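I opened my notebook to look up aromatic rings. These are my entries.

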Protein chains: 6
Amino acid sequence: MRLQLRTWPEVETYLKTSRGIIMPIGSTEQHGPNGLIGTDAICAEHIAWGVGEATGALVAPNIGVGMAAHHMEFAGTMTLRPSTLMLVIRDYVTALAEHGFQRFLFVNGHGGNIATVRAAFQEIHAELRAAWGPSAPDIRCKVISWWENESVHKLSRELFGASEGSHATPSEVSVVQYLYPGHIKTAPLDPPTAPSSMFYDARDYRRRFPDGRIGSNPGLATPEHGKRLYDAAVAALADKYCAFVNEE
Amino acid sequence: MRLQLRTWPEVETYLKTSRGIIMPIGSTEQHGPNGLIGTDAICAEHIAWGVGEATGALVAPNIGVGMAAHHMEFAGTMTLRPSTLMLVIRDYVTALAEHGFQRFLFVNGHGGNIATVRAAFQEIHAELRAAWGPSAPDIRCKVISWWENESVHKLSRELFGASEGSHATPSEVSVVQYLYPGHIKTAPLDPPTAPSSMFYDARDYRRRFPDGRIGSNPGLATPEHGKRLYDAAVAALADKYCAFVNEE
Amino acid sequence: MRLQLRTWPEVETYLKTSRGIIMPIGSTEQHGPNGLIGTDAICAEHIAWGVGEATGALVAPNIGVGMAAHHMEFAGTMTLRPSTLMLVIRDYVTALAEHGFQRFLFVNGHGGNIATVRAAFQEIHAELRAAWGPSAPDIRCKVISWWENESVHKLSRELFGASEGSHATPSEVSVVQYLYPGHIKTAPLDPPTAPSSMFYDARDYRRRFPDGRIGSNPGLATPEHGKRLYDAAVAALADKYCAFVNEE
Amino acid sequence: MRLQLRTWPEVETYLKTSRGIIMPIGSTEQHGPNGLIGTDAICAEHIAWGVGEATGALVAPNIGVGMAAHHMEFAGTMTLRPSTLMLVIRDYVTALAEHGFQRFLFVNGHGGNIATVRAAFQEIHAELRAAWGPSAPDIRCKVISWWENESVHKLSRELFGASEGSHATPSEVSVVQYLYPGHIKTAPLDPPTAPSSMFYDARDYRRRFPDGRIGSNPGLATPEHGKRLYDAAVAALADKYCAFVNEE
Amino acid sequence: MRLQLRTWPEVETYLKTSRGIIMPIGSTEQHGPNGLIGTDAICAEHIAWGVGEATGALVAPNIGVGMAAHHMEFAGTMTLRPSTLMLVIRDYVTALAEHGFQRFLFVNGHGGNIATVRAAFQEIHAELRAAWGPSAPDIRCKVISWWENESVHKLSRELFGASEGSHATPSEVSVVQYLYPGHIKTAPLDPPTAPSSMFYDARDYRRRFPDGRIGSNPGLATPEHGKRLYDAAVAALADKYCAFVNEE
Amino acid sequence: MRLQLRTWPEVETYLKTSRGIIMPIGSTEQHGPNGLIGTDAICAEHIAWGVGEATGALVAPNIGVGMAAHHMEFAGTMTLRPSTLMLVIRDYVTALAEHGFQRFLFVNGHGGNIATVRAAFQEIHAELRAAWGPSAPDIRCKVISWWENESVHKLSRELFGASEGSHATPSEVSVVQYLYPGHIKTAPLDPPTAPSSMFYDARDYRRRFPDGRIGSNPGLATPEHGKRLYDAAVAALADKYCAFVNEE
């Protein structure tokens, strides 16, 4: 049910019975010595596709580069400025809203996106109100990260305990290993579980987390764990999507 | 050689021997009754991956939503405003330039992107000059559409003649059929070959081209033709990439 | 220790021993039938002043109008668009950074600001990096809402239990009653404790929460409770400020 | 009559009989060796409050940081870029206009704001016209500096003669001493009356006016003079406000 | 000495002995029943050329469309938004500054431009400071309207007295008649001298001044008066230019 | 038929029978050792005037500074950033559209403008659609460079053959010599015909084309050739204008 794999008459038909759409958003940023740069983009996109299949919902194209300014000291990281990402989200949502879509569930793969995504939602509401006043379309946007649900959370804890950490986690690395079994990387992880703390800008990040990981041991990742996490995420988000589009 | 399937240390290694990167850019817009909405995005991305494999070049994440404002009267079309797309390109290029990339070959799947992409290149040069003066990095950006080469052009003409048209062409539909054989659509095309003319805004477009096609008969598309076109495009663009990164 | 009540030579002297500053940020928005429109602005500003006195830190001028787009269906509410608020924060921080300030603790009075404030911090880092590269100043920005600490949280729960709610809370109304005893308002609250749920845009907000409150009974507010909450907040934030400026 | 000290139902009631509002705007910038950094913000805000009391008009929150780019060589000065300040004014005015306010009298405390404020008014008119055409709201904005009236002008001349100067004037310093008697500063002023000329950017300003004053001797300031000036300003502006809201 | 009539090597030579340049800025807006829409643009451009000849200074291309939002109810009026005009001025000045120009005298033909032009100057200073810090180029910008000098002022008063008014004045119409004798228009002016007052937005302007004039009787205009005014303006501004570039 | 030489009532009359207007756009940039910096601006403006006379169409004021970022290594070149130029074009078109103009033929003098001009057209369509939806005005914008027609092309080839080149061409230099016979410059051209290639940014441009010319020998220019080219361009564009405004 990827929007990109449909024709326009098919979308027209879809809109007769649903005004909901799933919006994957990830990031293209370092994920430690053995995590792929596309980890967050891949997780968001594939889990969104899974939710689309489970629910019959359309899935918009992935926003594969997100807000990763704090990872910019590591080669290969890409980032949109928050102000750019807000415009991208504004354009995605308002284009789809012109066709009649009104319920936008953003399936997120990167914690660093959330503030900007939420700011973008408010910007959209403010812009539509400024342009259309009381006749603005009734748009609802919601963002959920794929790990933000009890079943994934519980499974991560069960599988990896305190080694889950918060960046380049064994959970997300596992999901990617499951989805791209031909691209499983190994690399020395020293220490096995990375240090953990908060951080400020990109230089500060690099100083605190020299190999890019935060609090995690992605050496524990396996494709089998990835499958379980993926399935749990899809199931949980499918429920959330249905609740969202049926909300009054 | 997708950037997203690499780790940051691998990118660091890559940069020791190359400063080139391939940037796919497509569009998510109606492609007539039997063409997929993702046609341009899919062609750009897959051909870019092919070129990456042929040359060993890294391929950045796809810009899957481009400038398609003139297709907005057809359901499912998405578009970035030109001003937004310019910022996206600015952010992609400047992020990668921070790591040392300096040669950016944009492999384009949508004619409607070209003006904005070129304007973006100039904006990038102007911004870097304003910020850094004579110490600005030596960035070179080039955009080539995948059909802009003698071998693809000749093959299209040979396969489809005057029915190639200029939007929802049998060539691009064929390439997508080859890449996504499970998503081949059929639909009545009336007339078989669509009318052709120039156009202005989205309403004007819809008035002139009621089913979205311009001058084309995508009913002639086949996956076999698609494979030939894909191979020709990859080969031609691989040559162009090598010439580009080796230019003095 | 308000910056505005100092002279420039005094600030020059201050900067010889400290590079920290407190940045109050509130909002000007409806707070239900008996809450003042300036509730969030007043709380943020006065608590920031208290923290300044307790720690000897300078306090910048209040950002009294924040991101309150979702309250716009109630008369008197003011809002900055997220994109505007980001520029304001950018200008505040970069102006102060030119003089040598490097540690910015935002004392926040409005949950609706947080996403935008965090996006702004990343925008600042990205802009400074784009302009200055490795010689960008070492800026650290942090945002804490005045109720985000164990002692205030506990006190609120003890005083108001489930009637605290999440907008126009008896806690914030109490603090304002303590600070502006001449402006205590009474109004019928029907039902005494307002309904609670999440919400989307301004119209949706008004539909769900017809008098503006969410989940709260601000009829329980008293100036005495306000004083206790104020003192608790100042003490907790003073500790946090000291920890922040002394962080490595 | 501060907007922030009202509830939303009170504002709703106010709008039944008046569509006018007072908008204080100041600056946070150096005011010489003995003038407070908040001088312009304090004068604008307190005089606006006085006018509000005298006329029954609502007073919006202060814009406490204005356009002070030319003072940036002195520690503690803050500034918004003109483009940012224009957006802030746009957001303030359009938010209030949504509720029905239509007459905006900006009470200004800083000469350096005026050009930007006036440009902002035109930007607002242009934006509303672009969005709403003939159904745009009938907005009127006017800016008056508190010293721009015959009575204050005469009093300043009488009290300080040629030592009034044009920045860090004894008049504004007096008003602040009256309003904040606990924060009266003394500092050597050498020469007693500062040099005077026009100037360009911040570096040029510092070169010409090494201690920040232009043409003034703020050593002559007293709280008693301040009271007289404050009263004169409030009376004059109250008249102007009434004339403004009653204009045809 | 128009820049556009020089070659680049000639400009390189010029810069060896001067860093000054004259920047004409006008407007394209209604000028009453018998005034040309280009009045302000024509006056600014031609007087700037005259000053260039008198002083040997280079003259940049005219900014022929200015800030005329308040004239938009009259056919043919064009306007830049203030925010756009600020960017245009920013781009003009910074482009020329890259070559070494540092003294920019804006010769203005339209009162409505002034606020925006001044805001633009501050924006330029702020941007250069943000990008370059202490190594920013030493730019000085100044704006003078062609009638802002004692000799033109006196002559206008002598020729037209109270019928000069403030928009579509006999002075400016005379100058254009002198410069474009083939385009002298006649039209009934009723009343001969137009009403005068301040005004707010475009609709308000049209309501107050139904034929576009403010306080003027342009029926008194003659090409002979125009020549005298033109000569006086050129002489006065030539003096001001020399003083400006020689200022310390 | 220059708009600037008309009165507003004349424009009102014009709009009763035509909704078309000609928009000249040029550039202010180096044109080699003997070409004037204003070459592109002068050609566009004068040819537009000629077309206006031939067709009775109004001609808007020239956009004399275009997108010339790649020429910035040569003294005297001016440029707007693409993003600025897009706003200028947006403001020009939307201001005129308010009065009822709907057909905008941009007569272009500089190849480097085209991408940005086309991006601007799409931005305008997108903005109007966002603000007005189905009731947006029916705007059509088209850009044609003055040499883009068979008769000029043929004449250039006949007159200059392979020495025409692509920047600082003998054709454009001839046109300017014809229009400004008092400003014909001579300079050594070494080699007589400049090298030719593509290029990237301004530094790259200067390195490849040290005197600014690309592939041309402007030493062949004469005012007589210029007259022939000018006449051919005016005739060709007059035809195109008539076809454009009469298109269905």
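I began with a cluster: ring pairs link Trp8(A), Phe74(B), Phe199(B), Tyr205(B) and Phe209(B). I counted rings of Phe, Tyr and Trp (its six-membered ring) as a pair if their centres lie within 6.5 Å; planes under 30 degrees apart are stacked, over 60 edge-to-face, and the rest tilted.

I noted that this is a predicted model, where local features need pLDDT of at least 70, side-chain atom pairs count only at pLDDT 80 or more, and totals for chains, interfaces and linings use all residues. Residues are numbered from 1 along each chain as its sequence is written, chains are lettered from A in the order in which they are written, and side-chain values use heavy atoms, without hydrogens and water.

I checked confidence next. Chain A has a mean pLDDT (the predictor's confidence in each residue, from 0 to 100) of 98, and 100% of its residues reach 70 or more. The model's ipTM is 0.98 and its pTM is 0.98.

How many aromatic pairs does the structure hold over all chains? I found 60.

I looked up Phe74(A) and Tyr205(A). Their planes stand at 85 degrees, with ring centres 6.0 Å apart, so the pair is edge-to-face. The two residues are 131 residues apart in the chain. Tyr205(A) sits in helix 7 (residues 202-208). Phe74(A) is buried (under 20% relative accessible area; exposed is over 50%, partly exposed in between; 1.4 Å probe, protein chains only), at 0%.

I then turned to chain C. Tyr14(C) and Phe101(C) form a tilted pair, with 35 degrees between the planes and 6.1 Å centre to centre. Both are buried.

Key. Helix = DSSP H or I, 4+ residues; strand = E, 2+ residues; numbered from the N terminus.
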